[in-house]
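The sequence and structure are shown first, and the commentary follows.

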Amino acid sequence: MFRRTLIKTAAASVAALTLAACSMPADDGPGDIVDIAAGAGTFNTLVAAVQAADLVDTLKGPGPFTVFAPTDDAFAALPSGTVESLLLPENKGQLVSILTYHVVAGEARAADLAGRKGRITSVQGGALHIDGTNGVRVENANVITPDIEASNGVIHVIDAVLLPK
């Protein structure tokens with residue numbers, strides 16, 4: 001049952017991101033990371049969090065960035081009330097820390113990570129543990145859709161929210 005749900009979620013993410021990327025005019029290329037996430041329809045919580053953390057301009061910047069983007073379902077799997085609490089103005093510092101933990105300066109493509117184990121430093125400063133020996137895992141999350149092109153980097157869709165230690 002869980003596997004079917006995961007496959008349906010992954011398929012919906014691929015379809016939504018493909019639709020978002022294809023809806024951009026061909027001569028303009030892909031949109032930036034924020035535009036692609038906002039247009040996909042499966043990253044509403046992530047987009048709201050990026051807005052609440054005042055990171056929109058940064059993630060629309062020139063980059064390049066690699067973003068490990070949790071889906072709405074990944075955020076929904078957090079303990080009840082967690083997202084709502086993080087979106088409160090008084091918790092902005094913690095929200096920024098969590099969101100920047102999902103971002104790496106530069107482009108890290110799935111092919112660069114495949115077959116390897118190691119660490120990659122997030123913009124937040126923490127080390128993300130990468131395991132590319134059986135698919136690609138980042139910390140406790142699986143990359144369910146890799147290498148979505150953006151004008152300022154690459155997005156990897158993940159099935160869990162990464163929490164800094």
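At its relative accessibility, does Asp147 count as buried, partly exposed or exposed? Asp147 counts as partly exposed, at 27% relative accessibility; buried means under 20% relative accessible area, exposed over 50%, and partly exposed in between (1.4 Å probe, protein chains only).

## Basis and confidence

This is a predicted model, in which local features need pLDDT of at least 70 and side-chain atom pairs count only at pLDDT 80 or more, while totals for chains, interfaces and linings use all residues. Residues are numbered from 1 along each chain as its sequence is written, and side-chain values use heavy atoms, with hydrogens and water left out.

The mean pLDDT (the predictor's confidence in each residue, from 0 to 100) is 86 for the protein, and 83% of the residues score at least 70. Where pLDDT is low, the predicted coordinates should not be read in detail.

## Overall composition

Eight helices and seven strands are assigned in the protein; these are DSSP runs, helices being H or I of at least four residues and strands E of at least two, numbered from the N terminus. Of the 165 residues, 44% are buried. The accessible surface comes to about 8,400 Å², with 57% of it belonging to carbon and sulfur atoms; areas come from the Shrake-Rupley method with a 1.4 Å probe, and for residues only the protein chains shown count as cover. Among contacts between residues at least 6 apart in sequence, 62% join residues at least 24 apart.

A nonpolar core is a set of buried Ala, Val, Leu, Ile, Met, Phe, Trp, Tyr and Cys residues joined through side-chain atoms within 4.5 Å. The largest has 31 residues, and those with the most contacts inside it are Phe43, Leu46, Val67 and Leu99. Elements giving two or more residues to this core are α2 (33-40), α3, β1, α5 (72-76), α6, α7, β6 and β7 (153-158). Helix α2 gives the most, with five residues. Apart from this core lies another, of 15 residues, among them Phe68, Val104, Ala108 and Ala141.

In α7, the residues Leu95, Ile98, Leu99 and Thr100 are buried. The buried residues of this helix pack against α3 (44-52), α6 (82-86) and β2 (103-105). Leaving aside residues up to four places away in sequence, Leu99 touches Leu46, Ala49, Val50, Ala53 and Leu55. With the same exclusion, Thr100 touches Leu55, Ser122, Val123 and Gln124. Thr100 has 14% relative accessibility and lies in helix α7, which spans residues 92-100.

## Backbone features

Most residues other than glycine have a negative phi, and most peptide bonds are trans. The bond from Gly63 to Pro64 is cis, with omega near 5 degrees; Pro64 is placed in the loop between α4 (56-59) and β1.

Glu139, which is not a glycine, has a positive phi of about 55 degrees. Glu139 is found in the loop between β5 (137-138) and β6 (141-150) and is buried, with a relative accessible area of 16%. Asp147 also has a positive phi, near 55 degrees, and is located in strand β6.

Terms used:
Contact means heavy atoms within 4.5 Å.
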